Amino acid sequence: MMKPNPLSSLKSLQDVDRLQLRIGAVKGSGYELFLSRNGGAGQLTLFDSFPEAMATLDQGALDGLAGVRQAMNPVAASNPGFEVMAEPFMAIPQAVWVSVKHALGSQLVAASVRELKTAGFVRQSLDKSGHPDVSVPA
């Protein structure tokens, strides 16, 4: 998510890096890890939570935030001073791996993931990390 004008011409992570923009990310998030390892975020600043990063962006100390598009879209929609870049700078494939040699293990992992989602653990974790608008697939 970025502040528009004059930044509305930004189309990619390369534009952000070329202009050395100040980008915030939540410590330990997939986005922070990607940007810390691969670069490309201009000047990366880390935060303990999404609300803390958002407050810093609101104060003008950042040019943008790296995060989950589903969480960024409603924030940008309710704040005319922000917009979400159309081009994603990365994707995080979600998976749980279990060897095909362990059919019982596969069944246990699948049951555990279902239970964590059904019990609300995944929803609560997303809410706690500042991403209440990210959907949890059934």
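1. Accessible area here is computed by the Shrake-Rupley method with a 1.4 Å probe. On that basis the chain exposes about 8,600 Å². Carbon and sulfur atoms supply 57% of this area. Please keep in mind that the model is predicted.

2. Burial. The chain has 138 residues, and buried residues make up 33% of them. The cut-off for buried is under 20% relative accessible area. Two residues discussed below, Ser99 and Gln20, fall on either side of that cut-off: Ser99 has 19% relative accessibility, and Gln20 has 38%.

3. Overall extent. Along the principal axes, the C-alpha atoms fill a box of roughly 55 × 30 × 25 Å. As for contacts, take those between residues at least 6 apart in sequence: 50% of them join residues at least 24 apart.

4. Charge. The side chains include 12 positive and 12 negative ones. The centres of these two sets lie 7 Å apart.

5. Secondary structure. The chain contains six helices and three strands. In sequence order the pattern reads α-β-α-β-α-β-α-α-α.

6. The sheet. The three strands make an open sheet, ordered S2-S1-S3, with parallel pairing. Strand S2 (43-47) and strand S3 (64-65) are the edge strands. Each has a single partner strand, so one side of each is left without a neighbour in the sheet.

7. The S1–S2 pairing. Strand S1 covers residues 22-26. Five bridges join S1 to S2, and the two run parallel. Within this pairing, Arg22 stands opposite Gln43 in S2.

8. Gln20. Which loop holds this residue? Gln20 sits between helix H1 (13-18) and S1. Its backbone deserves a look in the model. Most residues other than glycine have a negative phi. Gln20 is not a glycine, yet its phi is positive, about 50°.

9. Ser99. Is this residue buried or exposed? Ser99 counts as buried, because its relative accessibility is 19% and the limit is under 20%. Ser99 belongs to the loop between helix H4 (69-78) and helix H5 (103-118). A polar atom of the Ser99 side chain lies 3.1 Å from the backbone nitrogen of Lys101.

Key: Residues numbered from 1 in each chain as written. Predicted model: local features only at pLDDT ≥ 70, side-chain atom pairs only at ≥ 80, totals over all residues. Heavy atoms only, no water. Helix = DSSP H or I, 4+ residues; strand = E, 2+ residues; numbered from the N terminus. Buried < 20%, exposed > 50% of the residue type's maximum accessible area, 1.4 Å probe, protein only. Polar contact = N/O pair within 3.5 Å; in protein donor to acceptor, adjacent residues only side chain to side chain. Contact = heavy atoms within 4.5 Å. Lys, Arg positive; Asp, Glu negative; His and termini not counted. Charge placed at Lys NZ, Arg CZ, Asp CG, Glu CD. Pairing = 2+ DSSP bridges.
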